Amino acid sequence: MASLVAYEDSDSEAETELAGGFHPAGQMEDTSATVRPPGQDFGSRILDATGGRVPSAECGSRDDPARCRLPLARLWSQDPGSCPSQRLRWPRPEPEAAFPASPPARPSLWTSQAPAGHVPLAGACLKQVRGCWEPSGSPELSVGARAGSEGPGKSGSSLQRKRREDCVVPYTPKRLRPLPVPHTGADGGKDAEARGPRAGRAPAPLCVAPEASEFIQPYLDSQYKETKIPKKVLFHLRGHQGPVNSVQWCPVSARSHLLLSTSMDKTFKVWNAVDSGSCLQTYSLHSEAVRAARWSPCGRRILSGGFDFALHLTDLETGTQLFSGQSDFRITTLKFHPRDPSVFVCGGFSSEMKAWDIRTSKVVRSYKATIQQTLDILFLREGSEFLSSTDASSRDSADRTIIAWDFQSSAKISNQIFHERYTCPSLTLHPREPVFLAQTNGNYLALFSAVWPYRMSRRRRYEGHKVEGYSVGCECSPDGDLLLTGSADGRILVYSFRTASRARTLHGHTQACVGATFHPVLPSVLATCSWEGDVKIWH
C-alpha cells in the first residue's frame, strides 16, 4: 500500500517540477536559460521511495555520498535509444536538428545507477503522441527541452497544455477519412474477388461459353409450357455486402443462365445462376449505391444507375464502358425503350424524368410533373406510352400517384388512374393480356387496364403480403397464370392470376424480400433477393 502512495506522489511531483530543481536549502533553481540535450531530459532529478526529493550527485559531494546514493545499476549506457527523451519522440527518417550548445549536465543517479530496462514513472506517463497537424519536416524538441525554454512560473501550466495538444488527436469527418486499402494477399483473394475492382476502373471481360447451358438447351426449341411452382432452394448466392435491390435474368434465351443483381454496396454482379451458382464478374463502377441496372435487349450490355448521379453502359465481352452520363439527380429506376434499344428513360429523386440517347450521350426528352421522386417506370405496348409511379400520397395526390405519358410529345395522357392514398413502389405488365399490376403500400396488388382510360379493377385484388415502405417488386410468370411478389417479412407469395387466391407461400429470407422474378425459359425456376444481401435460386 505504501508503494502505491509513493508512485502517486511521484507522478504528481514529476509533472510540476520538470523545469526546475531544489537546492539543499529548499530554494527553486531556474533552468529556463538552458536547453538540455536529448539524453539528459529526465536525467537530473529522481524521487526516493517515500515520495520525497533526493539530492543530486552534487549534493552528495557536499555532505555524505552514501546517503544520497541508491543501490541502482547503470541505465542507458549501452542502449542510448532507450533514453526517455528519445522514447518520447516520434521516429522519423530525417536527421534530428542540432541543439544549441549548453554546459554539461551534472551527473545524476538516473543515468548512472538505475537498473537496466527500467522506465521512470514520469517518462511512462508523458509518452508523446505526434499530432497529424504537425509538419513532417519541422524538428521537434523533447518535453524537457520545451519545458525548460519557458519561465519557472509557467512550467506547470505549459507542460499541461503541451500534454493536451500532443495527446488529443483532432476528429476527422468520415467523408474526409482515407478509404482502407483492400488486402490483396493470398488470404484475401476470395474477398477481393467478391468486392471486385474499385470504382472508376474498367472491369475484366466476362468469360461466358458461346453455347447455351445444358439445362436450358432442351427448352430453346420448344414452346414454353405451364409454370410450375418451385419447392426448394437450388443455390444460395452470397457475395454482396449490402442489401440487394433487384435481380433480373438475361432476356436472351441462349444466355438466360446469367442473372444480374444490384446492391446498395455500390456494385452489381453477374452470376451463373443455373449451372454452378458462381459469381462471374463484379462491377464497381459507381461510388454510391447502385439502385437500378438493366440488361440491354441484346443481352451483351448492362445499363446501371446509382445514387452517385452516374449512368454507365458496360459491354460484358470487352469490359469497356460504351456510354457514361451524369444526371442531375440520384437514379432509382431506368428502362430501355422496347422498340429502340439505344434510348432509355431514367427517374429518381427529382420532379422530372429524362430520356437519353446512347449514340449521342445527350438528353433527348424531359418529362416533368409536380412530384418529388419517381419510384418506377413501365413501358406499355409498342413503347409509344409509358407509366410512372411517384411518391405523392397527400390528400390531393389522385393526379400524381400513377401518370401515363406520351413518349414522343412528353405530354400527360392521364393522371386519374389510382385514386387511393397509397404509393406504388413497382409496376409490372402482364405478358398476354392488356393489363398491368401495381404494388401498393396498402399491402395489396392492384390490377389496371393497360388501355386508356387505365381503369382499376374493383373486383380483383391480390393481398396477404406486406410492403411496409420497402420497394417490393412483383412479376407475372411467362405464361401469365401466376403472379409473384415478395414481402417485407421475408416471404415469397405466389398468387393465381385468374382467381386472386394464394397458390403457395415460400419462406426463404429473414429480412424483407424486395425482388422476385421467374426464369424466362425454365418453367420451374425463379430468383429472389432480400434486404439482408443474399440471392436465392428456387427450383
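Modeller: This is a predicted model. In it, the side chains of Ser388 and Trp405 are joined by a polar contact of 2.9 Å.

Colleague: Which strand does Ser388 lie in?

Modeller: Ser388 is part of strand β19, which covers residues 385–390.

Colleague: Buried or exposed, that Ser388?

Modeller: Ser388 has a relative accessible area of 1%. The cut-off for buried is under 20%, so Ser388 counts as buried.

Colleague: What is Ser388 in contact with, neighbours within four places in sequence left aside?

Modeller: Met353, Thr374, Asp376, Thr401, Ile402, Ile403 and Trp405.

Colleague: Changing topic. What is the strand order in the open sheet of four strands?

Modeller: The order is β26-β27-β28-β29, and the pairing is antiparallel. β26 (474–476) and β29 (502–507) are the edge strands, each pairing on one side only. On average, neighbouring strands of this sheet are turned by 15 degrees against each other, direction ignored.

Colleague: How many bridges between β28 and β29?

Modeller: Five, with β28 spanning residues 491–496 and the pair running in the antiparallel sense.

Colleague: And which residue in β29 is the bridge partner of Arg491?

Modeller: His507.

Colleague: Last one: Tyr283. Where does it lie, and is it buried or exposed?

Modeller: Tyr283 lies in strand β9, residues 278–283. Its relative accessibility is 0%, so Tyr283 counts as buried.

Colleague: What separates the C-alpha atoms of Tyr283 and Thr314?

Modeller: The C-alpha separation is 9.2 Å, with Tyr283 and Thr314 being 31 residues apart along the chain.

Notes. Residues numbered from 1 in each chain as written. Predicted model: local features only at pLDDT ≥ 70, side-chain atom pairs only at ≥ 80, totals over all residues. Heavy atoms only, no water. Helix = DSSP H or I, 4+ residues; strand = E, 2+ residues; numbered from the N terminus. Buried < 20%, exposed > 50% of the residue type's maximum accessible area, 1.4 Å probe, protein only. Polar contact = N/O pair within 3.5 Å; in protein donor to acceptor, adjacent residues only side chain to side chain. Contact = heavy atoms within 4.5 Å. Pairing = 2+ DSSP bridges. Axes fitted to C-alpha atoms, helices over the stretch in contact; angles between N-to-C directions.
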